[in-house]
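Hi,

Here is the structure I said I would pass on.

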Amino acid sequence: MTNVVEQIQQATKVQGDAAMASVQTLATSVQTIATAHADYAKKAMQDSSEFFAKLTSVKEPAKVMELQTEYVKNAYETFVAEAKKISELYTDFFKQTAKPLEALIAKK
């Protein structure tokens, strides 16, 4: 009977440790992802502000079009790069969060 109780305690400890590892990874990953989103939003706002500051000083229509084209191109390239970076963070997040639980399931 003592042996069965010890086995149950050990199994509970292993499951608890796996859950805690998963939660710790979750917290770190969520913070990393939130920081990446905040950094991108901050950069987009700064770029937008700089664009409007430049736009107000331009007098020629051709220069306005050139400035607008440059801004849109840079904004798109930045968006694509940041979206790729953030999607990789999400992928790593799901992989790392599931890893401790995968090991636990594999034992069963």
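**What turned up**

Let's start with Leu26, which sits in helix H1, the stretch covering residues 2-57. Bear in mind that this is a predicted model. Leu26 comes out as partly exposed, at a relative accessible area of 35%. Leaving aside residues up to four places away in sequence, Leu26 touches Phe93 and Thr97.

The largest pocket has a volume of about 240 Å³. Two elements each give two or more residues to its lining, namely H1 and helix H2 (61-107). The lining of this pocket consists of 14 residues, and those nearest the centre are Asp47, Ser48, Phe51, Tyr71 and Asn74. Sorted by class, the lining has seven nonpolar, three polar and four charged residues.

Then the salt bridges. How many does a search of the whole structure find? There are four salt bridges, and here are some of them.

- Asp47, one of the residues nearest the centre of the largest pocket, pairs with Lys43 through a side-chain salt bridge of 3.1 Å, N to O. The two residues are about one helical turn apart because they are four residues apart in helix H1. Both ends are partly exposed: Asp47 has a relative accessible area of 24%, and Lys43 has 37%.
- Glu66 forms a salt bridge with Lys63, and their closest N and O atoms are 3.6 Å apart. This pair is in helix H2, where being three residues apart puts Glu66 and Lys63 about one helical turn from each other. Glu66 is partly exposed at a relative accessible area of 47%, and Lys63 also counts as partly exposed, at 39%.
- Glu77 and Lys73 meet through their side chains in a salt bridge of 3.8 Å, N to O. They both lie in helix H2, four residues apart, which is about one turn of the helix. Glu77 is partly exposed, with a relative accessible area of 42%.

Why does Glu77 count as partly exposed? Because its relative accessible area of 42% falls between the cut-offs of 20% for buried and 50% for exposed.

Cheers

How values were computed:
Residues are numbered from 1 along each chain as its sequence is written. This is a predicted model: local features need pLDDT of at least 70, side-chain atom pairs count only at pLDDT 80 or more; totals for chains, interfaces and linings use all residues. Side-chain values use heavy atoms; hydrogens and water are left out. Buried means under 20% relative accessible area, exposed over 50%, partly exposed in between (1.4 Å probe, protein chains only). Contact means heavy atoms within 4.5 Å. On a 1 Å grid over the protein atoms alone, a cavity is a set of points where a 1.4 Å probe fits but cannot get out, and a pocket is an open set with protein on both sides within 12 Å along at least five of seven lines; lining residues have an atom within 4 Å of a point. Grid points are joined across faces, edges and corners, and a volume is the space filled by probe spheres set on the points. Ala, Val, Leu, Ile, Met, Phe, Trp, Tyr, Cys and Pro count as nonpolar, Asp, Glu, Lys and Arg as charged, and the others, Gly among them, as polar.
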